[in-house]
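Below is what I looked up, step by step.

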Amino acid sequence: AVQRTFGSRIQVLDGFIEAQMLVNGYGRPREEGRAKVLFDLGGGSLQIVCLEKASTHFTSLQLGAGRVTAWVMDGHPLEEVKGWIFRELRGKCQTLKALSPGVWLGTGGAVRSFSGLNREPQEPIRDFEIDVELRRLASLLFTRDVSLKPEATRDDFKGLVEAAPVDLPGHRRRIHIGGIVILDCLCKHFGVKAVKLEKASVRAG
């Protein structure tokens, strides 16, 4: 329909092309002996890139804030959702795990939104801050063992959206929970201690 209306051909970008565009958007000199990890967390996918002095390692995963939010809203237990994410990370990110430093550079709507809630947006988001936010949101819908509350209703699911920080734009509030779950899994799987907002983006590349 868009193509017919505007007369333009639509190209859906492959995830690995998105990862390369993220590298292009970063565009800074690489440091000797120090790897940097960039990641772009969007609504439907996650691109992770590790930049070394002489090489680049990257991967694209079908993990996005909107996609994971849909899993939660479908009533899947939180531990089950996190298990799917961890399996994806284990299956595709072994090289990155061996190279990854303690602080990652993040971009994408989920990271920008959460960073914008800090008094100092350029300050890194600490792993424990992500953990606290996930626990706060999870308590609304899940029991202490993170299974879905048996009495959960449609209003409880709506309440999960309403519990997202009011400073977020409406479309970001609706997928806030998914972004936080992914960030929490990244921190725990890779041992990430902090996520720093990075201006580089797929769009800039």
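How many helices and strands does the secondary structure of the protein come to? I am working from a predicted model, and I find 10 helices and six strands in it.

**Entry: overall numbers.** I looked up burial next, and 45% of the 205 residues count as buried. The accessible surface comes to about 11,000 Å², and carbon and sulfur atoms hold 50% of that area. I also checked contacts between residues at least 6 apart in sequence: 66% of them join residues at least 24 apart.

**Entry: strand E4.** I then turned to strand E4 (residues 103-107). Four of its five residues are buried, so the strand is largely enclosed by the rest of the structure. Which strands does E4 pair with? I found strand E1 (residues 36-41), which runs parallel to E4 and is joined to it by three bridges. Asp 40 has Thr 107 in E4 as its bridge partner. I also found strand E6 (residues 194-197), paired with E4 in the parallel sense over four bridges. There, Gly 106 has Leu 197 in E6 as its bridge partner.

**Entry: aromatic rings.** My count of aromatic pairs comes to three. For Trp 71 and Trp 84, the ring centres are 5.2 Å apart and the planes stand at 85°, over the 60 degrees needed, so I note the pair as edge-to-face. This pair links distant parts of the chain, 13 residues apart: Trp 71 sits in helix H3 (residues 65-73) and Trp 84 in helix H4 (residues 78-92). Trp 84 has 25% relative accessibility, so I log it as partly exposed. Last, I noted one aromatic cluster formed by Phe 39, Trp 104 and Phe 190.

Notes: Residues numbered from 1 in each chain as written. Predicted model: local features only at pLDDT ≥ 70, side-chain atom pairs only at ≥ 80, totals over all residues. Heavy atoms only, no water. Phe/Tyr/Trp six-rings, centres within 6.5 Å; stacked < 30°, edge-to-face > 60°. Helix = DSSP H or I, 4+ residues; strand = E, 2+ residues; numbered from the N terminus. Buried < 20%, exposed > 50% of the residue type's maximum accessible area, 1.4 Å probe, protein only. Contact = heavy atoms within 4.5 Å. Areas by Shrake-Rupley, 256 points an atom, 1.4 Å probe, with all protein chains shown as cover. Pairing = 2+ DSSP bridges.
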